[in-house]
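My entries follow in the order I made them.

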Amino acid sequence: MKRSGDSEGEKRRKRRRLLQELGNQKIPFLRPPDRGYQRLWDSSYSGLVLRRSCSVPAELHVRVQAALLTLRRKGCLLRDLVRIRERDVFTAVSRTLLGEPGHTYRYLDTRLFAIPWHSEDPEVKGQNCCDSDLSAACKALWELNTFFSSDVSQRKEGDRLTQCLKEEAKLSDEGDTGSKNSEDSKNSEGGDSESKQSEEGETESKHSEEWDIESKHSEEGCSGSKQDGEWETKSKPSSEEGESSEDKPSGVSASEHNEGKCPSVAPKALSGTQNKGVGLTAQGKPVAKMKHISSDHHVEDREEAASRQGCSQPSPPPVCTGPVKFNVTLLNYMDPAAMSQLKEEPYYGMGKMAVGWHHDENLISHSPVAVYSYNCHNDKGESSEGGSEERPCWSIGLKVAWDIHTPGLTLPLESGDCYYMRDDLNSTHQHCVLAGESARFSSTHRVAECSSGTLTYIQSRCEEALSNLRTDLETGSHSLLALLPTTLKHCEEIHNEVEFEWLRQYWFQGRRFARFCSWWTGPMEQLEKDWKLMETMTMLFLGTLEEEEGQGGEGRREMAEALLSALTDRHQQRQTWRDRCHSSLAQTLPPEEAPVDRPFWGVDDLSMPLPFDLADIINRVESLLWRM
């Protein structure tokens, strides 16, 4: 659903007020070497939990990293063509979705169709839909998913940087030096960013759009359609989805993981007794009268997010309770070297962003998100191994949504590190991905809200609609069982849902993955057959109205009005999809990835009537209503 102009205008005004209040100052943020870092984490980011690479089973690292490289080698990671502010844009990251068989994940008007986990013997399940290499890769990521599902709830609140630092206590003497160097570096960054901030303040509207688009690209590639990267953004973004690309060596062996050494990212400075950063700018100056925006805005944003979901939201929305079971993972890959330009993080001066500020969308409320980060060689065979220690590392940036008072937080990630966002962290905070130097994968596991996003769901909807269609076994002719206005409205709503939320989504981009996995081919063919029967039902509804012309009754008018409403919506949506399929961006894709303007009536399908001219049908219904 589109947001109302009033709502969007109010959000822009709120954002503008915050930026004006901030002025030319940067909001402070803390990194591991900074005094008060751990205290800030505990007090304002307690839902964030880190699991260092060395604490993850070595054999699992080997299988997962080999699986990610296999998926990339086979070309399974593709950039999505998503819809933002009524226009199509390519995501900055390449991605694919794995998950429970028949599950989908929707973001930015784009539905991704999951390649199944392959958690069981395909011979047993009758799922010979992939080659053996891809099947093994999917199974390895299912094993990671199983590990995360059992581990995420067991991690204690204390499982943060301090746990990883115990074995690195000897580095504490270097803490003061490390902290000082970090402060100098931070101040320098802040100065550079500040010179840019006034310009951003003056052209906030323009920058707002840029951050939104950048954010939308990665996560879920990307982010939301307006707010991502803005104070107002709430749940449009996407999934760490944007977290992709890191800089680290690939091919980590089991022996390397078994050494048991957790690289330290936070020297002794973590034990500082006071949080000097709170309420200070990057230059250590107080932020004058900065206002902490009420958390009421989170409720407002959540309600809007629900209205924008592709999967319809139950009322009230489901809340994650009991054992966690991640049902999908969004895999992302990004190579910063292949990007022509990465945006600077605009509010804190954190550095280059691979993915802008966002919340992960379309998740069960209060469900955790688990992320596995892997740095690898880029397309040129280069990695982050060796070289200057000043080389940037991949990091996660976090901030409290709608808040310019609480300092931000950055968390550097080594290859193989994992982190969890638990409780309400995803809904009350926003996160971004700060680019390292080499390429990076991320596997982002989530509990997707799929009440209307599974194959089982849409098949049941088809059964509902087609239960009103009778077929004569001898002649093959069709007739309707019920002619009530409520029945017509219900059937036509399902008709539109099947066409625009499933078939056109699949033929626009989902079918690209049929080259690698044929799991969805059969189900989508059956959905298209059901859709054709629904097209027939539409004509039967119209025929009944025309045959009964001259007969009075409110029921007949109500039925005509319901049919006209459904047809008008269908006509507009078909035109939108037709335009998208033939857009200049779509035409840049290779034939095997190019969108197809489908469903359509195949010329070889002689048993079905010719295509229906929607414009003509709408004119006929309007004429009926005029004569009533």
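Entry 1, overall. I began with contacts (heavy atoms within 4.5 Å): of those in the protein with a separation of 6 or more, 82% are between residues 24 or more positions apart. The model is predicted, so I noted that local features need pLDDT of at least 70, side-chain atom pairs count only at pLDDT 80 or more, and totals for chains, interfaces and linings use all residues. Residues are numbered from 1 along each chain as its sequence is written, and side-chain values use heavy atoms, with hydrogens and water left out.

I looked up 16 helices and 18 strands in the protein; these are DSSP runs numbered from the N terminus, helices being H or I of at least four residues and strands E of at least two. The protein has 628 residues, and 57% of them count as buried. Buried is under 20% relative accessible area, exposed is over 50%, and partly exposed lies in between, with a 1.4 Å probe and protein chains only.

Entry 2, helix pairs. Two packed helices are described by the angle and the distance between their axes. Axes are lines fitted to C-alpha atoms, for helices over the stretch in contact, and angles run from 0 to 180 degrees between N-to-C directions.

I took α3 (residues 58-73) and α5 (residues 132-151), whose axes come within 8 Å and cross at roughly 135°. The two helices are therefore oblique to each other (under 35 degrees is roughly parallel, over 145 roughly antiparallel, 65 to 115 roughly perpendicular, the rest oblique). The crossing of α3 and α5 is left-handed, meaning that the near helix is turned anticlockwise from the far one by less than a right angle; clockwise would be right-handed. The α3 side of the contact includes Leu60, Val64 and Leu68, and the α5 side includes Leu134, Leu141 and Phe147. I noted eleven nonpolar, one polar and four charged residues in this contact. Nonpolar covers Ala, Val, Leu, Ile, Met, Phe, Trp, Tyr, Cys and Pro; charged covers Asp, Glu, Lys and Arg; the others, Gly among them, are polar.

Next I took α14 (residues 521-547) and α16 (residues 614-627), with axes within 11 Å and a crossing of roughly 30°. This pair is therefore roughly parallel, and its crossing is left-handed. Met539, Leu542, Leu545 and Glu546 of α14 meet Ile617, Arg620, Val621 and Leu624 of α16. The contact has six nonpolar, no polar and two charged residues.

Is Thr329 buried or exposed? Thr329 is in strand β8 (residues 328-334) and is buried, at 0% relative accessibility.

His366 has phi near 65°, sits in the loop between β10 (352-358) and β11 (369-376), and is partly exposed at 41% relative accessibility. Trp402 has phi near 60°, lies in the loop between β12 (395-400) and β13 (408-412), and is buried at 1% relative accessibility.
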